[in-house]
Each structure stands twice: as structure tokens, then as C-alpha cells.
Amino acid sequence: MLGRTILFVAAVFGFTALVVPSSDESDSSGGYVPKSSTGGGSGSRAGSDWYAGDHTLHRQSDGHFYASAHVDGVPVRMMVDTGASVIALTGSDAAAIGVQWDESQVRHIGQGANGAVYGVNTRLDEVEIGGITRRNVSAVVIPQGLGVSLLGQSYLSQIGAVEIADDRMIMSGG
């Protein structure tokens with residue numbers, strides 16, 4: 001009986017090690033590097049809403065934090081912008097994800113540091129960073145003028161916590 005219990009515990013730990021990413025698995029941009037890169041749709045990602053662990057991003061030389069996100073199964077590099085109310089996608093990132101829009105839909109959506117911001121409101125089925133997945137997330141497509149997609153509060157406010165300590169940003173899924 002004890003032998004079966006030990007075997008069961010070992011199997012559970014082995015499964016957990018395969019499914020739950022560790023916080024030190026990051027690429028040079030400080031983002032998550034998946035253990036397998038199937039590139040498939042949302043069903044191919046290991047992390048789910050149940051994931052309550054931490055994920056750490058490291059401050060880059062330009063002073064910003066960048067995350068390697070998977071948006072609807074597509075890898076997207078995002079700069080963390082705690083002052084942005086929603087995720088803002090560049091036109092090219094939105095096209096890669098499969099978000100479609102027409103120029104006639106582009107409207108004034110707010111003010112940025114450089115003046116008026118024009119874009120298209122949308123919703124993303126799934127946004128995953130470091131195993132922390134959220135679904136049905138508000139976003140905007142900024143077809144022109146945005147150099148990198150921004151990770152804003154429409155995702156950040158749905159996770160457990162965001163803490164900055166020294167040159168690390170710790171995102172908690174709980």
C-alpha cells in the first residue's frame with residue numbers, strides 16, 4: 001500500500017512539473033518561454049484560469065518590463081503599461097492574431113502622451129502570460145503609431161496581484 005502511495009505522489013509531482021511553468025523560465029525579454037511551442041490554438045496552452053502561481057518579469061535596459069504573451073494562441077511581445085486601461089495591440093500584432101477591422105471602424109478612443117489616439121475596440125478570447133490565463137479580455141487595435149503592443153489593466157486587473165520589487169515585476173495568478 002505504501003508503495004502505491006509513493007508511486008501516486010511521484011506521478012502527481014511529475015505531471016505538475018510538466019504542466020505548471022516555473023517563474024525562472026524566461027527569454028531575454030523577460031517573458032515566458034513555453035516548454036513546448038506547438039503554436040496551436042487556445043487549447044494547446046498548458047496554463048488555465050486555475051493557475052494561481054507567480055510569474056516574474058525582469059526590467060530591461062530601457063527601464064520597461066516586457067511580457068511574452070500568447071493571445072488567442074499567437075505569441076505577442078508586450079510592454080507592461082500599468083497606466084493603460086486596456087490591452088493595446090499594434091496593427092501587425094492584431095492581424096497576426098486574426099483580429100479583423102476596417103478603416104471605417106477606426107475612431108478616436110482616447111488621449112495619449114502624444115495626443116489623440118485612434119483605434120478599434122475589440123475583445124480577445126484568451127490572453128496567457130507565464131501560465132496565467134484570462135479570457136474575454138478588452139483590447140483596442142491601434143493600426144498606426146504604436147511601436148509595441150501594450151499590456152494594460154484589462155488583463156492586469158484580473159490577475160491576483162502585480163508587485164514591483166527592485167528590477168522584478170511579480171505577477172500572481174491567484
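User: In this predicted model, which residue has its backbone nitrogen 3.0 Å from a polar atom of the side chain of T90?

Analyst: The model is predicted. T90 belongs to strand β4, which covers residues 87–90. A polar atom of the T90 side chain lies 3.0 Å from a backbone nitrogen, and that nitrogen belongs to D93.

User: Is T90 buried or exposed?

Analyst: The residue counts as buried if its relative accessible area is under 20%. For T90 the relative accessible area is 5%. T90 also touches V141, I142, L146, G147, V148 and S149, leaving aside residues up to four places away in sequence. With its 5%, T90 is therefore buried.

User: Which strand gives the most to the lining of the largest pocket?

Analyst: The largest pocket has a volume of about 650 Å³. Strands β5 (107–112), β6 (115–129) and β7 (132–142) each supply at least two residues of its lining. The one that gives the most, with 5 residues, is β6.

User: How many residues in the lining of the largest pocket are nonpolar?

Analyst: The lining of the largest pocket has 26 residues, and G112, V117, I142, L146 and L150 lie nearest the centre. By class, 2 of the lining residues are charged and 10 are polar, while the number of nonpolar residues is 14.

User: Which element gives the most to the largest nonpolar core?

Analyst: The largest nonpolar core has 26 residues, and V71, M78, I87, L124, L151, Y155 and M171 have the most contacts inside it. Elements that each supply at least two residues of this core include β2 (66–71), α2 (91–97) and β10 (168–172). The most, 4 residues, comes from β7.

User: How many residues are in the other core that lies apart from the largest one?

Analyst: This other core includes Y66, I142, V148 and L150. I142 is also one of the residues nearest the centre of the largest pocket. The number of residues in this other core is 7.

User: Which side chain makes a polar contact with the side chain of S138?

Analyst: S138 lies in strand β7. Leaving aside residues up to four places away in sequence, S138 touches V86, I87, T122, R123 and S154. The polar contact of its side chain, at 2.6 Å, is with the side chain of R123.

User: How far apart in space are S138 and S154, C-alpha to C-alpha?

Analyst: S138 is partly exposed, with a relative accessible area of 22%, and S154 is among the residues that S138 touches. In sequence S138 and S154 are 16 residues apart, while in space the C-alpha to C-alpha distance is 5.7 Å.

How values were computed
Residues numbered from 1 in each chain as written. Predicted model: local features only at pLDDT ≥ 70, side-chain atom pairs only at ≥ 80, totals over all residues. Heavy atoms only, no water. 1 Å grid on protein atoms, 1.4 Å probe; cavity = no way out; pocket = protein on both sides within 12 Å on 5 of 7 lines; lining within 4 Å. Points joined across faces, edges and corners; volume = space filled by probe spheres on them. Nonpolar A, V, L, I, M, F, W, Y, C, P; charged D, E, K, R; others polar. Buried < 20%, exposed > 50% of the residue type's maximum accessible area, 1.4 Å probe, protein only. Polar contact = N/O pair within 3.5 Å; in protein donor to acceptor, adjacent residues only side chain to side chain. Contact = heavy atoms within 4.5 Å. Core = buried A, V, L, I, M, F, W, Y, C linked by side-chain atoms within 4.5 Å.
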